[in-house]
Each structure stands twice: as structure tokens, then as C-alpha cells.
Amino acid sequence: MEAVVAFPDRIERTVEIAHPPAKVWAALTTAEGLSAWFGKEATIDLRPGGSAWMKWDSGHTAEMRVERVEEPTVFGFIWHIAGLPEDDPRRTYVEFTLEPAGAGTRLTVVESGFAQLPEDAHRTAYDGNTRGWASELGELADYLDAAA
């Protein structure tokens with residue numbers, strides 16, 4: 001019997017941020033906040049079904065659809081999977097969960113939906129986004145610290 005290797009479906013990262021949930025929420029859910037740490041430019045219609053868009057210095061852009069808005073604890077969106085053709089319908093789901101932690105916030109980001117990909121695309125998207133979230137969450141903390 002041949003063994004089936006299951007690809008990891010989700011990336012999960014938790015960081016402690018020394019700022020209250022309301023401040024972290026604004027950084028995650030406003031165009032001003034997103035463009036300050038995540039992309040260079042951003043727009044967002046903050047409601048389930050609303051659209052959002054980001055552009056980075058590299059010229060890369062991302063179209064997102066807002067799925068979940070439960071201020072100030074849960075924000076979720078779906079977006080295109082890096083490395084797939086623009087017209088590919090597959091998406092991953094990104095969800096941020098904010099929990100008070102003392103005077104700060106415990107922020108968890110989970111991106112799921114990678115198991116639907118073939119091996120080569122999975123490796124590219126999963127590894128790239130694993131590195132990406134580590135870097136971006138560091139930038140979020142730096143932005144909030146600088147804005148304090």
C-alpha cells in the first residue's frame with residue numbers, strides 16, 4: 001500500500017503585540033493601517049463580501065474579499081494564491097484573531113486552503129507565505145511601536 005503524504009493545509013502564527021486590541025484592529029482593517037505595514041497602498045470595504053486591494057513596492061498587487069468582521073476580535077479575508085495564474089479560482093482564507101493579553105494583544109493569524117494545491121504549487125505558496133507572515137507580523141509590530 002502506498003503512503004499518501006498530506007500537505008500542510010494551514011500556516012498559523014501567534015505574536016504578542018504591546019498595544020491594545022483596538023489599535024491592532026485599526027492596523028489590520030483600515031486602508032491607512034494596511035498601507036503602513038502590509039502593502040504600500042491599500043483600499044478596504046470593511047464588511048463581509050466587501051472588497052479590498054493592496055499593492056507592494058515590488059508592484060505585486062492582491063485582490064481580497066472580506067469574509068468575516070467581528071470587531072475587535074476577528075477579521076478574515078480570502079485572496080489569490082501566489083504562484084497560480086490570475087484566473088485560477090482557488091483561494092486561501094486568512095483570519096486574524098485578537099485577544100487581550102495584559103495591556104497588549106495576542107494576535108493569531110491562520111492562513112488555510114493550501115491542501116487543495118498540487119505539490120509544486122503547494123511548496124511555492126506555502127513556503128513563501130510562511131516566510132511572508134513572519135516578516136509581515138514583525139513589520140506590524142514595528143509600525144505600531146513607531147506610531148505609539
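## Fold and dimensions

From the N terminus on, the elements follow the order β-α-α-β-β-β-β-β-β-α. The protein thus has 3 helices and 7 strands, where helices (H or I, at least four residues) and strands (E, at least two) are DSSP runs numbered from the N terminus. The radius of gyration is 16 Å, close to the 15 Å that the globule rule gives for 148 residues, so the protein is as compact as a globular protein of that length. This radius is taken over C-alpha atoms, and the globule rule is 2.2 Å times the number of residues to the power 0.38. Along the principal axes, the C-alpha trace spans about 55 × 30 × 30 Å.

The model is predicted: local features need pLDDT of at least 70 and side-chain atom pairs count only at pLDDT 80 or more, while totals for chains, interfaces and linings use all residues. Residues are numbered from 1 along each chain as its sequence is written, and side-chain values use heavy atoms, with hydrogens and water left out.

## Interior and surface

Of the 148 residues, 39% count as buried; buried means under 20% relative accessible area, exposed over 50%, and partly exposed in between (1.4 Å probe, protein chains only). Among contacts (heavy atoms within 4.5 Å) with a separation of 6 or more, 48% come from residues 24 or more positions apart.

The protein exposes about 8000 Å², of which carbon and sulfur atoms supply 52%. Accessible areas come from the Shrake-Rupley method with a 1.4 Å probe; for residues, only the protein chains shown count as cover.

## Salt bridges

The structure contains 9 salt bridges, each defined as a side-chain nitrogen of Lys or Arg within 4 Å of a carboxyl oxygen of Asp or Glu. One of them joins Arg-106 and Glu-16, with the closest N and O atoms 2.8 Å apart. This pair links distant parts of the chain, as Arg-106 lies in strand E7 (residues 104–112) and Glu-16 in strand E1 (residues 10–17), 90 residues apart. Arg-106 is partly exposed at 31% relative accessible area, whereas Glu-16 is exposed at 52%.

Another salt bridge connects Glu-119 with Arg-123, again with closest N and O atoms 2.8 Å apart. Because these residues are 4 positions apart in helix H3 (residues 119–147), about one helical turn separates them. Glu-119 is partly exposed, at 47%, and Arg-123 is partly exposed, at 45%. Elsewhere, salt bridges that share partners join Arg-68, Glu-70 and Glu-95 into one network.
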